[in-house]
Amino acid sequence: MDAKQLQNVIAVIENGSLGRAASALNVSQPALTKSIQRLEERLGVPLFTRDSKGMRPTLYGEALRPHAHGILASTEQAVREIESMRSGARGTVSIAAGPLISSDILSSAMVRLLREHPLIHVNIHTAIGDHTPGLLDGRYDFIMSQLPLGSRMGGLIQRELVNDRIAVIARPGHELTGKAKVSVRDLLRFKWVLPERGHNHRIRLSRVFEADNLTMPEPDVECSSTEFIKSVVARTDHLGLIAQMGIKDTSDPKSIEIPIDSPFMVRPIGIVWRQNQVLSSSSRLLMAAIEAVCREDNPVSGQPAPKAKSPARAGGRRTRISHR
């Protein structure tokens, strides 16, 4: 089994036919067919079945798929590391993270890393969305993200580092900002600006309502941009939902957090990498810098992070996760 054979298998799975896969790989269809057949003979099992729509992976083909992705990604990682060493650099790391995590935690970690290891080159992809597919196919060495609610990700390893909170926000002077205590039922009386359906923040908020046997209201506006949600909330009576680290300007706030005491409002943040992946020395150094920032400081407030508390009592501050 070689990398070319694995690349061919992935191409057939993703394209759904030998013809389209051969075109994508810029090889002849007979050569691709022969490569797949040799691998099937080597493994002693069929990897594909034919039907009217083309080629579909068998259970064996699906089982091989994540391993093929991992092997190809590790091979590419090794090539990048050697090329970096040849050019005189210590190494290259490619990572992805959301905008808030990048500007809040990752930027502090990068300052620390480059001060101590100036030859390391880091490629950072910053965007809203799920970066897991890019991690699995080898575009990133690891990602930093909000970890999913109540589950672990198949084929991946995750390390939880800090607990931020999800914040319900309103404009200064809003009716709810003057209340000493806000119930979940109080939130039903107002219109909302929420992240798009399926977003982790929105899933967690729905659990808050479900815990009180209530149905979460449908939003007037859906958008995953923190700045857009804050802008709308600042000029209306709508409530919004963002990560608490997005509320930074405490001297002249345009949005104020409405305190909701629920464990579902806690969002764990961590680093994620591929299972069985051999992390480069550069990746390990950057991970260590990220962990140091999360361990020593709270970049939102500049104050030391509090000791870990139970989620229901974590309050409005980000909580560090202790690893023993």
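**Helices and loops in a predicted model**

Let's start with Gly-16. Gly-16 is buried, at 15% relative accessible area. Buried means under 20% relative accessible area, exposed means over 50%, and partly exposed is in between, with a 1.4 Å probe and protein chains only.

Some ground rules. This is a predicted model, where local features need pLDDT of at least 70, side-chain atom pairs count only at pLDDT 80 or more, and totals for chains, interfaces and linings use all residues. Residues are numbered from 1 along each chain as its sequence is written, and side-chain values use heavy atoms, with hydrogens and water left out.

Where is Gly-16 placed? In the loop between H1 and helix H2 (18–25). Helices here are DSSP runs of H or I with at least four residues, strands are runs of E with at least two, and both are numbered from the N terminus. Leaving aside neighbours within four places in sequence, Gly-16 is in contact with Lys-53, Gly-54 and Met-55. Contact means heavy atoms within 4.5 Å. Then there is Pro-57, 41 residues apart from Gly-16 along the chain. Their C-alpha atoms are separated by 8.8 Å.

Next, a helix pair. Helix H1 (residues 3–15) packs with helix H3 (residues 29–43) at an angle of about 110 degrees, and their axes are 10 Å apart. That makes H1 roughly perpendicular to H3. The cut-offs: 65 to 115 degrees is roughly perpendicular, under 35 roughly parallel, over 145 roughly antiparallel, and the rest oblique. Which residues meet? From H1, Gln-5, Asn-8, Val-9 and Val-12. From H3, Leu-32, Ser-35, Ile-36, Arg-38 and Leu-39.

On to helix H7, residues 200–211. H7 has 12 residues and reaches 17 Å from its first C-alpha to its last, close to the 16 Å expected at 1.5 Å a residue. That expected span is 1.5 Å times one less than the number of residues. The buried residues of H7 are His-201, Arg-202, Arg-204, Leu-205, Ser-206, Val-208 and Phe-209. What covers them includes strand S5 (142–146), strand S6 (156–170) and strand S11 (266–274).

Last, two asparagines. Most residues other than glycine have a negative phi. Asn-26 has a positive phi, near 60 degrees. Asn-26 is found in the loop between H2 and H3. Buried or exposed? At 72% relative accessibility, Asn-26 counts as exposed. Asn-213 is exposed, with a relative accessible area of 73%.

Notes: Axes fitted to C-alpha atoms, helices over the stretch in contact; angles between N-to-C directions.
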